[in-house]
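Thanks for asking me to look this one over. My notes follow as numbered points, to be read alongside the model.

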Amino acid sequence: MKKLFSILVLALSCSALFAQQTAVALLNHEGTISTFYGADALTQAHKAAVHGDVITLSGGAFTAPSSWTKAVTLRGAGCYEGADNSREVTSIGNYFKFAIPVEIETTMTIEGINFKSEFSFSTKVKNTTFLKCYFARYISNVCCNTNFYNCILNGLTFSASETNLADVNLFNCYVNDPNNNSGDVSVKLTNCIVRYSCTNQSHAGSKIWDLKYAKYNNCIFLGNIKVGSTAPSGFNIPTTCTATNCLSCYCAYQNASDTQDAIYDYNIFEDMNNNTNKYLEEGKPLHETIPSVFKTCPGIYDFTFNETYELTDDAKATYLGSDGTQVGLYGGMGFDLIPSTLQITKCEVSPRSTSDGKLSVSIEVGIPE
């Protein structure tokens with residue numbers, strides 16, 4: 001049974017224009033709750049917050065401050081409306097710049113947010129965890145100790161120097177085009193879908209495996225490149241990386257001539273020093289091999305919420321990770337985009353203020369169904 005509790009907020013001098021779907025931000029500072037309304041509610045809450053506070057957002061569209069300078073836990077209603085469109089989505093539409101001072105050690109969690117614009121790190125933010133978030137555009141300049149769980153990342157780049165080391169971990173995430181990994185960043189991907197996009201061979205050696213110091217475990221690789229009439233160069237995972245119990249659905253193909261069938265190559269693990277990785281049967285096109293792996297044929301060019309990347313029953317038994325569960329999103333800790341902490345599930349604003357100028361606002365907070 002869903003547990004709910006109500007917070008009755010009496011707001012002074014509020015406009016009666018607020019409707020039931022008003023975007024709401026609750027700021028929790030040592031048990032004291034402050035409430036902010038409207039698209040700029042998040043900006044107002046951030047301005048009033050101090051390191052260690054918690055901001056909880058309702059569903060709706062919010063605007064972030066020009067720089068996020070507070071080590072504040074941020075919780076949204078979710079990044080995805082669900083297969084039946086029954087859930088609220090919390091979205092942030094503008095550029096999100098992480099700029100918390102480097103000396104701040106406060107642990108911070110960000111959960112259940114749909115970031116519609118670019119997200120970048122301008123400082124070495126410490127002790128940050130992202131849960132069940134969707135990043136529609138690039139996350140750039142990651143240079144800090146950061147964990148991602150059950151997230152969708154449409155682009156990921158790293159930045160580090162000798163004095164700015166980072167330890168980045170991704171668990172059960174969909175990751176599109178991770179690249180620019182220097183030797184100062186330790187990147188570990190576990191039970192992830194890793195997709196690379198490339199349209200021609202000239203990108204194969206320079207872009208597609210630019211994540212040079214990654215450690216892949218129980219991952220599935222997706223995507224393809226067309227390499228013309230010669231064998232693909234730069235197709236294999238570089239020897240500076242490690243890959244264990246992974247599956248390649250990533251394909252390089254070439255046409256020997258206009259009259260011959262394409263030649264397909266899936267073995268990206270050729271330079272690896274272990275034989276725990278697997279790849280699809282060479283010589284067959286991707287559209288013939290993918291259905292043997294996934295229950296529904298996933299989009300290899302773009303992430304779509306309509307595709308779950310769940311393995312077929314045969315594939316679940318065939319492609320096992322180091323922990324004995326299936327490789328990909330649903331092995332290990334599993335994959336779920338519904339936030340598991342208390343969220344704002346309902347906000348009702350009275351259409352009229354009282355005679356003394358007060359406006360009654362009833363907010364329900366609970367665990368989403």
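1. Start with Ser140: beyond its neighbours within four places in sequence, Ser140 is in contact (heavy atoms within 4.5 Å) with Glu118, Phe119, Ser120, Phe121 and Thr157. Ser140 is part of strand 14, residues 139-142. Strands (E, at least two residues) and helices (H or I, at least four) are DSSP runs, numbered from the N terminus. Ser140 counts as buried, because its relative accessibility is 9%. The cut-offs are under 20% relative accessible area for buried and over 50% for exposed, with partly exposed in between (1.4 Å probe, protein chains only).

2. A word on how to read all this: the model is predicted, so local features need pLDDT of at least 70 and side-chain atom pairs count only at pLDDT 80 or more, while totals for chains, interfaces and linings use all residues. Residues are numbered from 1 along each chain as its sequence is written, and side-chain values use heavy atoms, with hydrogens and water left out.

3. How confident is the predictor in the protein? pLDDT, its confidence in each residue from 0 to 100, averages 79, and 75% of the residues score at least 70. Helix 1 (residues 41-48) has the highest confidence, at 96, and strand 1 (residues 4-12) the lowest, at a mean of 36. Please take care with residues 1-20, where pLDDT is below 50; the model gives this stretch 47 contacts beyond near neighbours in sequence. Residues 203-207 also stay under 50, with 12 contacts beyond four places in sequence.

4. Which strands pair with strand 19? Pairing requires at least two bridges found by DSSP between two strands. Strand 17 (residues 166-171) pairs with strand 19 in the parallel sense over six bridges, and Val168 stands opposite Val187. Strand 21 (residues 214-217) also runs parallel to strand 19, joined by four bridges; there, Asn217 is the bridge partner of Thr190.

5. Finally, the cysteines. With a disulfide taken as a pair of cysteine sulfur atoms within 2.5 Å, the count is zero. For Cys219, which is in no disulfide, the nearest cysteine sulfur is that of Cys246, 4.7 Å away. Cys219 is buried, with a relative accessible area of 0%. Cys241 also counts as buried, because its relative accessibility is 4%.
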